Amino acid sequence: MNHSETHRSPARALRAVTIGILLALAALFLFFSPTASQVALNAILLCGKTLIPSIFPFLVLSALLLKLGLAESAGHRLGKGFARLFGISPLALSACVGAALAGYPTGASMTESLRRSGSLTDRDADRTLLLASSASPAFLIAGVGNGLLNHPLRGLYLYLAQLTAILLVGILRNFIEPRRIHPPESFGIRKPTHFFTALAEALKESADTMIAICGTVIFFSVLSGFVVALPYLPNPLKCLLSSALEITSGASLSASLLNSDQAFVAIAAAVGWSGLSVHAQVTLVTDGKRPLGRYLAGKLLTALITSLFAAIAVFFNLV
């Protein structure tokens with residue numbers, strides 16, 4: 001066996017395992033179609049009642065502001081310190097702020113828009129994806145804190161802990177892989193698009209993104225629903241698997257199966273990781289053209305730091 005054949009063998013084995021898993025899932029969906037249908041229906045209702053009303057307007061607004069020159073304006077005025085800390089063009093600041101305010105996947109969508117327009121390089125975009133990946137304050141404070149934990153202050157703490165963890169991971173990456181931003185790379189001024197042209201483009205792009213988001217949420221919610229239905233699986237493991245797949249399902253399950261302190265720490269880890277559903281949304285928004293290895297490693301580290309902050313809060317009775 002030559003070297004190339006040796007190199008291809010693990011790849012073939014991985015492909016065979018992947019195909020086997022997909023066929024098993026297809027059989028699972030087929031034989032337990034009532035369960036899959038009900039969970040899918042619940043996910044569709046979630047999209048219609050919560051996700052589309054809360055995310056779509058932000059997607060349109062953020063895309064419109066970027067096309068009208070927000071990134072250049074914010075980058076020039078506020079982005080120089082940001083660039084030094086994270087090794088990213090100041091123009092990426094608008095995507096990070098958008099993500100912090102509107103949540104997933106607004107930051108990824110804004111990052112990709114900036115990259116396509118030439119305002120960000122590929123290297124800038126790769127680093128920005130992690131910094132622009134955060135749950136919204138509305139989701140964490142109202143949805144998780146008030147709705148699931150019956151403790152809005154804990155929701156606020158989760159939001160601040162998440163942002164702090166993301167910033168720390170971004171600084172750490174630039175420390176490990178230092179990158180100096182030069183003015184020609186940082187400040188690419190371009191003429192803003194005409195308002196009505198920008199609005200039409202923003203609506204089309206945001207509608208496409210919204211469809212992709214709802215599709216991923218439905219699929220991963222169905223997978224999470226099967227995890228919950230598995231017999232003899234310990235509750236902590238159910239929460240872990242569900243959170244790994246889809247953040248909303250995982251947070252809801254943790255709140256219902258664990259005690260309040262355990263649920264708080266578990267949801268913190270889920271928020272830091274964000275779920276495969278969000279990562280699939282990032283891939284869809286970026287057309288699968290961005291390497292996600294460092295992004296996923298960063299999300300794991302963010303999950304660890306966010307859950308550590310939550311555990312400290314529980315230990316010292318801070319919230």
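Rings of Phe, Tyr and Trp (its six-membered ring) pair if their centres lie within 6.5 Å; planes under 30 degrees apart count as stacked, over 60 as edge-to-face and the rest as tilted. The model is predicted, so local features need pLDDT of at least 70 and side-chain atom pairs pLDDT 80 or more, while totals for chains, interfaces and linings use all residues. Numbering starts from 1 along each chain as its sequence is written, and side-chain values use heavy atoms, without hydrogens and water.

The whole structure holds 5 aromatic pairs. Select Tyr157 and Phe264: this pair is tilted, at 6.0 Å centre to centre with 50° between the planes. Tyr157 belongs to helix H8 (residues 152-176) and Phe264 to helix H13 (residues 260-273), 107 residues apart; helices are DSSP runs of H or I with at least four residues, numbered from the N terminus.

Stay on Phe264, which is buried at 0% relative accessible area (buried is under 20%, with a 1.4 Å probe and protein chains only).

Next, select helix H4 (residues 93-102). Since 8 of its 10 residues are buried, H4 is largely enclosed by the rest of the structure. Leu93, Cys96 and Gly98 are among them. Just after H4, Gly103 has a positive phi of about 80°.

Finish at Leu318, in the segment after helix H15 (293-315). With Leu308, Ile312, Phe315 and Phe316, Leu318 makes a nonpolar surface patch of about 560 Å². Patch residues have over 30% relative accessible area and no salt bridge, with nonpolar side chains joined within 5 Å; a salt bridge puts a side-chain nitrogen of Lys or Arg within 4 Å of a carboxyl oxygen of Asp or Glu. Areas come from the Shrake-Rupley method with a 1.4 Å probe.

Key:
Patch = residues over 30% accessible without salt bridge, like charges linked within 9 Å, V, L, I, M, F, W, Y side chains within 5 Å. Helix = DSSP H or I, 4+ residues; strand = E, 2+ residues; numbered from the N terminus. Buried < 20%, exposed > 50% of the residue type's maximum accessible area, 1.4 Å probe, protein only.
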